[in-house]
Amino acid sequence: MKIKPVDHRVRILRDGVTIGNSTDAVRLFEVGTDFHEPVFYLPKTDVTPRVVASGRMTHCPLKGEAATLDLRDSSGRVIVTDIAWAYTAAHHFAAALTDRVGFLAGEVTVEEMAR
């Protein structure tokens with residue numbers, strides 16, 4: 001596992017709508033039984049309030065406990081379940097992920113652009 005800061009703007013979209021936009025993202029590179037797509041983590045403050053805690057938790061032996069997040073529409077109805085997750089207290093070697101939101105690669109479009 002390797003976490004690297006991103007030196008440009010990262011925008012996260014779902015169906016063409018921006019749900020995250022940051023110049024302070026980090027990128028996680030992880031290898032398990034297979035290679036995984038890099039995951040971008042944005043500060044919670046750079047993510048739309050429509051991405052909300054689901055009440056469910058997940059566990060990663062490398063990173064720790066994470067709350068899963070759902071995407072809701074403007075009326076509060078869940079559009080996408082478990083679109084993202086957030087570590088509130090990541091393990092020591094993954095501390096850079098604490099208070100950041102990681103997005104499920106297959107559910108979002110990631111745009112990388114100049115600041």
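This is a predicted model: local features need pLDDT of at least 70, side-chain atom pairs count only at pLDDT 80 or more; totals for chains, interfaces and linings use all residues.
1. On the largest pocket: the space in it amounts to about 380 Å³, and its lining is made up of 19 residues, of which Glu30, Val39, Tyr41, Lys63 and Trp85 lie nearest the centre. By residue class, the lining divides into 11 nonpolar, 4 polar and 4 charged residues.

2. On the strands behind that lining: β4 (26-29), β5 (39-43), β6 (51-60) and β8 each supply at least two residues. The contribution of β8, with 4 residues, is the most that is given to the lining of the largest pocket.

3. On the charged pair in the pocket lining: Glu30 and Lys63, both among the residues nearest the centre of the largest pocket, form a salt bridge in which the closest N and O atoms are 2.9 Å apart. Because glutamate 30 lies in the loop between β4 and β5, while lysine 63 lies in the loop between β6 and β7 (64-72), the pair ties together parts that are 33 residues apart in sequence. Glutamate 30 is buried, with a relative accessible area of 19%, a value to be read with the cut-off in mind, since buried means under 20%. Lysine 63 also counts as buried, at 5% relative accessibility.

4. On the remaining charged contacts: the count of salt bridges comes to 10, and among them is the one between arginine 77 and aspartate 73, whose closest N and O atoms are 3.2 Å apart. In this pair arginine 77 is exposed, with a relative accessible area of 53%, whereas aspartate 73 counts as buried at 16%.

5. On the nonpolar surface: Met1, Leu62 and Phe93 form a patch with about 290 Å² of accessible area together. Of these residues, phenylalanine 93 is found in the loop between β8 (78-87) and β9 (100-103), and phenylalanine 93 is classed as exposed because its relative accessible area is 53%, where exposed means over 50%.

Technical notes: Residues are numbered from 1 along each chain as its sequence is written. Side-chain values use heavy atoms; hydrogens and water are left out. Patches are made of residues with over 30% relative accessible area and no salt bridge: like charges are joined within 9 Å, nonpolar side chains (Val, Leu, Ile, Met, Phe, Trp, Tyr) within 5 Å. Accessible areas come from the Shrake-Rupley method with a 1.4 Å probe; for residues, only the protein chains shown count as cover. A salt bridge is a side-chain nitrogen of Lys or Arg within 4 Å of a carboxyl oxygen of Asp or Glu. Buried means under 20% relative accessible area, exposed over 50%, partly exposed in between (1.4 Å probe, protein chains only). On a 1 Å grid over the protein atoms alone, a cavity is a set of points where a 1.4 Å probe fits but cannot get out, and a pocket is an open set with protein on both sides within 12 Å along at least five of seven lines; lining residues have an atom within 4 Å of a point. Grid points are joined across faces, edges and corners, and a volume is the space filled by probe spheres set on the points. Ala, Val, Leu, Ile, Met, Phe, Trp, Tyr, Cys and Pro count as nonpolar, Asp, Glu, Lys and Arg as charged, and the others, Gly among them, as polar.
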